[in-house]
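The structure is shown first.

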Amino acid sequence: TDDGTPSVGAKEACEVLQGAFETAGAPDALVTTEDALQLNDETVSVDLLSVLQAARSGKIHEKLAEGIDWGFEYAPQLAHHSVLLDGWLNVTKGHWQRETVAALETCLDRFDAKEEGARRIAQALTRVEPGHEPASRMLMEHFRQSGNRVAAIHEFNRLEAWLDERY
């Protein structure tokens with residue numbers, strides 16, 4: 001509400017979510033305060049905020065470099081307990097994935113293909129979104145300019161296989 005107190009709808013939503021977490025066997029997974037609702041850090045296997053903050057500053061978080069399984073890794077112990085909770089987790093994961101892609105795309109635009117940073121950002125982007133064509137083009141051009149024709153062809157073949165698999 002305008003005076004800063006939570007609305008009845010917000011309170012009900014918090015109660016529904018808390019109930020879903022309790023049903024899922026994770027009653028301590030949700031942390032609520034007077035003005036915030038968030039997952040308990042101990043239930044989250046990937047700190048997506050630090051991944052996003054690193055991407056926005058032009059850095060590649062170690063977890064992003066390894067590759068995040070966006071479908072399952074965010075809070076694995078909470079998945080598959082209820083339709084409501086699964087839906088919420090999917091929306092949350094999708095949001096973080098889109099935000100990370102947008103941050104990496106901004107970083108990608110800052111580099112020339114011959115720079116090493118272009119390769120790192122483009123590889124991170126293709127880990128998050130394997131069909132990201134601008135990132136694949138940047139990788140192919142980076143490898144071409146670096147004289148690594150084999151790596152450029154490998155990236156072309158990887159993207160082609162990914163596209164064939166989906167379309």
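Q: Which residues in α6 do the residues in α5 meet?
A: This is a predicted model, in which local features need pLDDT of at least 70, side-chain atom pairs count only at pLDDT 80 or more, and totals for chains, interfaces and linings use all residues. Residues are numbered from 1 along each chain as its sequence is written, and side-chain values use heavy atoms, with hydrogens and water left out. Contact means heavy atoms within 4.5 Å, and helices (H or I, at least four residues) and strands (E, at least two) are DSSP runs numbered from the N terminus. From α5, Glu116, Ala118, Arg119, Ala122, Gln123, Leu125 and Thr126 take part, and they meet Ala135, Ser136, Met138, Leu139, His142 and Phe143 in α6.

Q: How many nonpolar, polar and charged residues does the contact of α5 with α6 have?
A: Ala, Val, Leu, Ile, Met, Phe, Trp, Tyr, Cys and Pro count as nonpolar, Asp, Glu, Lys and Arg as charged, and the others, Gly among them, as polar. By these classes, the contact of α5 with α6 has 7 nonpolar, 4 polar and 2 charged residues.

Q: At what angle do α5 and α6 pack?
A: Axes are lines fitted to C-alpha atoms, for helices over the stretch in contact, and angles run from 0 to 180 degrees between N-to-C directions. The axes of α5 and α6 are 9 Å apart, and the angle is about 145 degrees.

Q: Is His142 buried or exposed?
A: His142 is found in helix α6. Not counting residues up to four places away in sequence, His142 touches Ala113, Lys114, Glu115, Glu116 and Arg119. Buried means under 20% relative accessible area, exposed over 50%, and partly exposed in between (1.4 Å probe, protein chains only). Because its relative accessibility is 4%, His142 counts as buried.

Q: Which residues does Arg127 touch, not counting residues up to four places away in sequence?
A: Arg127 lies in helix α5 (residues 116-128) and is partly exposed, with a relative accessible area of 35%. Arg127 and Leu64 are 63 residues apart in sequence and 7.7 Å apart in space, C-alpha to C-alpha. With the sequence neighbours up to four places away set aside, Arg127 touches Leu64, Ala65, Glu66 and Gly67.

Q: Is α6 roughly parallel or roughly antiparallel to α7?
A: Helix α6 (residues 133-145) and helix α7 (residues 149-166) pack at about 160 degrees, with their axes 7 Å apart. Angles under 35 degrees count as roughly parallel, over 145 as roughly antiparallel, 65 to 115 as roughly perpendicular and the rest as oblique. Therefore α6 is to α7 roughly antiparallel.

Q: Is α2 roughly parallel or roughly antiparallel to α4?
A: Helix α2 (residues 48-56) and helix α4 (residues 83-108) have axes 8 Å apart at an angle of about 15 degrees. That angle makes α2 to α4 roughly parallel.

Q: Which residues in α4 do the residues in α2 meet?
A: The α2 side consists of Leu48, Leu49, Val51, Leu52, Ala55 and Arg56. The residues of this contact of α2 with α4 divide into 9 nonpolar, 1 polar and 2 charged. The α4 side is Trp96, Glu99, Thr100, Ala103, Leu104 and Cys107.

Q: What pattern does the protein follow along the sequence?
A: There are 7 helices and 2 strands in the protein. Read along the sequence, the pattern is α-β-β-α-α-α-α-α-α.
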